[in-house]
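User: I would like to learn how to read the main features of a two-chain model. Please give the general idea each time, then the case at hand.

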Amino acid sequence: MDQQSAIEEIALIKRVIEESREFTCNSGKEIITWGILISIAVFASYGAIIAGYGHLAIWIWVVIIGSGWIFSIVMGIRKRPSMENLGVKILSYVWTSCGIAMTILGFAGTISGGLEDWAIAPVFATIMGVSFAVTALVQKLNWVLYVAVAWWVGSLLMFLVRGLETMPIFGVMIILFMVIPGMLFRKQWRDQQAHPDTK
Amino acid sequence: MTDFDYKQLNDTLQSRIRVAIIAALVSVIEADFNFLKGMVKTTDGNLSTHLRKLEDAGYVSMKKKFVDRKPQTKYRITEKGKRALEEHINVLEKLIKK
């Protein structure tokens, strides 16, 4: 081996280490599914309240959020990522933790009376902002940070609105800042699967 | 060229593909065959052969399991593999500095 070969080999080692460290497995599938489920729950429960069937709202949430968790658990068992690095682990922990936090706040918070109904949406929006901010950092995607900021701005707006109107606002935010970003993650993931050497 | 001692170079890591496999595994917790194939850009047969050599050298450990009735093979770098890569990089750096 000569010096030139040694230089090339060091460069190869560096490149492969960087690529595998930065490789992430955010397929976007769960974000899209959860986004669709939550937006259905928001609009359905809003419709139920407007129509005078407010007592049904909690059951709409129980069924839809329950389905979401069953989907996530099945996905977690069936679909193992092709690789696991620190970034993949952080994303998995952050999204699962935020999901658990929102489930606790949504059900225990409102049933106990500790959290008023109208406050659920802005509180959820604040947590969503955290999930997207961490995702932006791990995946090194600046546009995702703007999504996080949008969630926080929306949260402030909903705290100012303070009423039933927070529900449709939240529903629209879910579509704009969760389902659509999920689709973009999915596109990026598909590109990454086709060409694993590109980030 | 110089008085560089070529015996210092690790025999197992003489192959660029094996070096790339070890480098890909050093920064992940575990990875499957397809991920490694994408990283080192080689054929299935070639990758299998090199992975077996790395396993025989004790640099890589392999775990097979069934997920949803489908076989899944995961690879991890061992402590011995990490040390070997570190020593290999040191030798390469020495050669560059000559």
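Analyst: Helices (H or I, at least four residues) and strands (E, at least two) are DSSP runs, numbered from the N terminus. On that basis chain B reads α-β-α-α-β-β-α along its sequence, a total of 4 helices and 3 strands. This is a predicted model, in which local features need pLDDT of at least 70, side-chain atom pairs count only at pLDDT 80 or more, and totals for chains, interfaces and linings use all residues. Residues are numbered from 1 along each chain as its sequence is written, while chains are lettered from A and ligands numbered from 1 in the order in which they are written.

User: What span does helix α4 of chain B reach from its first C-alpha to its last?

Analyst: The expected span of a helix is 1.5 Å times one less than its number of residues. Helix α4(B), residues 79-97, has 19 residues and reaches 27 Å, close to the expected 27 Å.

User: Which residues of α4(B) are buried, and which exposed residues lie on the face turned away from them?

Analyst: A residue is buried if 20 or more other C-beta atoms lie within 10 Å of its own, exposed if 12 or fewer, and partly exposed in between, with C-beta atoms placed from the backbone. In α4(B) the buried ones are G81(B), A84(B), L85(B), H88(B), V91(B), L92(B) and L95(B). They lie on the same side of α4(B) because they cover an arc of only 125° around the axis, the arc being that of the directions from the helix axis to the C-beta atoms. The face turned away carries the exposed E79(B), R83(B), E86(B), N90(B), E93(B) and K97(B).

User: What do the buried residues of α4(B) pack against?

Analyst: Two residues are in contact if their C-beta atoms, placed from the backbone, lie within 7 Å. The partners are α1 (16-26), β2 (60-67) and β3 (70-77) of chain B, together with α1 (3-22) of chain A.

User: How many bridges join the strands β2(B) and β3(B)?

Analyst: Two strands pair if DSSP finds at least two bridges between them. β2(B) and β3(B) run antiparallel and are joined by 8 bridges; S61(B), for instance, stands opposite R76(B) in β3(B). Strand β1(B), residues 30-32, also pairs with β3(B) in the antiparallel sense, over 2 bridges, and D32(B) has K74(B) as its bridge partner there.

User: How many residues does each chain bring to the contact between A and B?

Analyst: Chain B brings 26 residues and chain A brings 22. On the side of chain B, α1, β1, α2 (33-40) and α4 each supply at least two residues, and the largest share, 6 residues, comes from α1(B).

User: Which residues have the most contacts inside the largest nonpolar core?

Analyst: A nonpolar core is a set of buried Ala, Val, Leu, Ile, Met, Phe, Trp, Tyr and Cys residues joined through C-beta atoms within 7 Å. The largest has 27 residues, with the most contacts made by A121(A), F124(A), A125(A), W151(A) and F170(A). Its largest share, 7 residues, comes from α7(A). Not counting residues up to four places away in sequence, W151(A) touches A125(A), M128(A), G129(A), F132(A) and F177(A). A second, separate core of 26 residues includes A20(B), A23(B), A24(B) and M39(B).
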